[in-house]
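Trainee: I am new to this structure. Please take me through its salt bridges.

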Amino acid sequence: MLNPEIPFKKIQSFIRRQGRLTPGQQLALDTHWDKYCLNPELDYNFSEVFGRTAPLIMEIGFGNGESLAKMAAANPGQDYLGIEVHRPGVGHLLMLLEQGDISNVRIYCHDAIEILEKKIPDHALAGLHLFFPDPWPKKKHHKRRIVNTGFARLLTRKLVAGGYFHAATDWQHYAEWMLNILGAEAGMDNCSRTGGYCGRPDYRPLTKFEQRGLRLGHGVWDLIFKAS
């Protein structure tokens, strides 16, 4: 039975699996950190950060950053904030940004909820992406899932009117969990005509992991909700 009535402020939805940095990732962290990474202790005017006013999209948990780099390169008219706690992933994204001369991405290496609550002004985000978050599949760990009623309410504050939240997962139970929570939030409207899941939009790149799973017959569920 789904139990979305779990506050998110006192739980940690991730584990810091730092892993081993490759020489290239370490070099990118040492060389390009100041160019692309933001200090979680500071308050920013994002129009000044990017040098322009443009739709602002946030991605929580960008992994190795390949999808985020592809989206940013394909949509130069939008600005992107990527949040990831794992430094190897941050280092890899820094490599991609520098190699691709991609200037419309900035990075926080910090807890996403803290950034969303404290550093993002209300009604500032045109979109928020959550692709393949940790599903915490064991029932005793469901309280660690980032999507809960508190998170849904936070979305209604941080998204502009008409702004969207897009989640994707390869865990059906988590998809049902998110659909239940977001469907019950008064300030969020499901973009699916059937009230269920959406097809994968062209802007969300297929990852190698996802392609392998699809070949093996694994399902993937996309949910897109807009702030009313």
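Mentor: Start with a network of salt bridges that links Asp-122, Arg-157 and Lys-158. A salt bridge here is a side-chain nitrogen of Lys or Arg within 4 Å of a carboxyl oxygen of Asp or Glu. This is a predicted model, in which local features need pLDDT of at least 70 and side-chain atom pairs count only at pLDDT 80 or more, while totals for chains, interfaces and linings use all residues. Residues are numbered from 1 along each chain as its sequence is written, and side-chain values use heavy atoms, with hydrogens and water left out.

Trainee: How many salt bridges does the structure hold?

Mentor: The network of Asp-122, Arg-157 and Lys-158 is built from salt bridges. For the structure, the number of salt bridges is seven.

Trainee: How many residues apart in sequence are the parts tied together by Asp-79 and Arg-52?

Mentor: The side chains of Arg-52 and Asp-79 form a salt bridge, 2.5 Å from N to O. Strands (E, at least two residues) and helices (H or I, at least four) are DSSP runs, numbered from the N terminus. Asp-79 lies in strand β2 (residues 79–83) and Arg-52 in the loop between α2 (46–50) and β1 (56–60), so the parts tied together are apart in sequence by 27 residues.

Trainee: Is Arg-204 buried or exposed?

Mentor: Arg-204 forms a salt bridge with Glu-210 at 2.8 Å and another with Asp-222 at 2.9 Å between the closest N and O atoms. Buried means under 20% relative accessible area, exposed over 50% and partly exposed in between (1.4 Å probe, protein chains only). The relative accessibility of Arg-204 is 1%, so Arg-204 counts as buried.
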